[in-house]
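Good morning, and thank you for joining. Please take a moment to look at the sequence and the structure, and then I shall go through some selected features.

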Amino acid sequence: MPYVAKLNHSFFDEIDTEEKAYTLGFFLADGTISKMTEKQRRYRLRIGIRDYDKDVLEKIAKVIGYDPEWNKELYFEKDKGMVSLHLSSRGLWRSLDARGY
């Protein structure tokens with residue numbers, strides 16, 4: 001059975017806390033979302049920032065309930081002084097898409 005990451009898929013449904021507003025702002029400023037084909041049904045989100053701000057991504061991951069412990073290599077992918085957080089969530093994708101992202 002494949003591993004399913006722990007994640008609050010409805011995190012962006014309602015922006016009712018300062019933490020959610022900050023996280024949403026981070027996605028809007030430094031993130032991307034993409035939807036694969038309907039057949040694949042993959043909804044991806046990614047935030048990439050400078051590696052010296054890795055702690056910011058760790059806090060964002062914690063806030064949205066993401067547990068990367070199963071594979072840290074996939075969690076933070078270093079490339080040219082950058083780190084990125086990659087997520088796959090239809091719920092998060094839909095919430096961001098509904099906000100015009």
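This is a predicted model: local features need pLDDT of at least 70, side-chain atom pairs count only at pLDDT 80 or more; totals for chains, interfaces and linings use all residues.

Which residues form one aromatic cluster? They are F11, F12 and F27.

Let me take the aromatic residues in turn. A search of the whole structure finds four aromatic pairs. One of them joins F11 and F12 in an edge-to-face arrangement, with 5.1 Å from centre to centre and 80° between the planes. F11 has a relative accessibility of 3% and therefore counts as buried. F12, at 0%, counts as buried as well. F12 also pairs with F27, again edge-to-face, at 5.4 Å centre to centre and with 85° between the planes. Because F12 belongs to the segment before α1 while F27 belongs to helix α1, this pair ties together parts that are 15 residues apart in sequence. F27, like F12, is buried. There is also a charge to note here: the charged end of K20 sits over the ring of F11, 5.5 Å from the ring centre.

I turn now to the sheet. Three strands form an open sheet in the order β1-β2-β3, with antiparallel pairing. β1, residues 31-35, and β3, residues 82-88, stand at the edges with a single partner strand each, so one side of each has no neighbour in the sheet. On average, neighbouring strands are turned by 20° against each other, direction ignored. Strand β2, residues 43-50, is joined to β3 by seven bridges, and I47 stands opposite L85 in β3.

What packs on this sheet, touching β1, β2 and β3? That is helix α1, residues 18-30, whose direction makes about 85° with that of β2. Helix α2, residues 54-63, packs on the sheet too, touching β2 and β3, and its direction makes about 15° with that of β3.

My last topic is L92, which lies in helix α4, residues 90-98. Is L92 buried or exposed? Its relative accessibility is 0%, so L92 counts as buried. Leaving aside neighbours within four places in sequence, L92 is in contact with L7, N8, H9, F11, F12, L45 and L87. That list includes F11 and F12, two members of the aromatic cluster with which I began. As for H9, 83 residues away along the chain, its C-alpha atom is separated from that of L92 by 5.3 Å.

Thank you; I would welcome your comments.

Definitions and conventions:
Residues are numbered from 1 along each chain as its sequence is written. Side-chain values use heavy atoms; hydrogens and water are left out. Two strands pair if DSSP finds at least two bridges between them. Helices (H or I, at least four residues) and strands (E, at least two) are DSSP runs, numbered from the N terminus. Axes are lines fitted to C-alpha atoms, for helices over the stretch in contact, and angles run from 0 to 180 degrees between N-to-C directions. Contact means heavy atoms within 4.5 Å. Buried means under 20% relative accessible area, exposed over 50%, partly exposed in between (1.4 Å probe, protein chains only). Rings of Phe, Tyr and Trp (its six-membered ring) pair if their centres lie within 6.5 Å; planes under 30 degrees apart count as stacked, over 60 as edge-to-face and the rest as tilted. A charge sits over a ring if NZ of Lys or CZ of Arg is within 6 Å of the ring centre and within 35 degrees of the ring normal.
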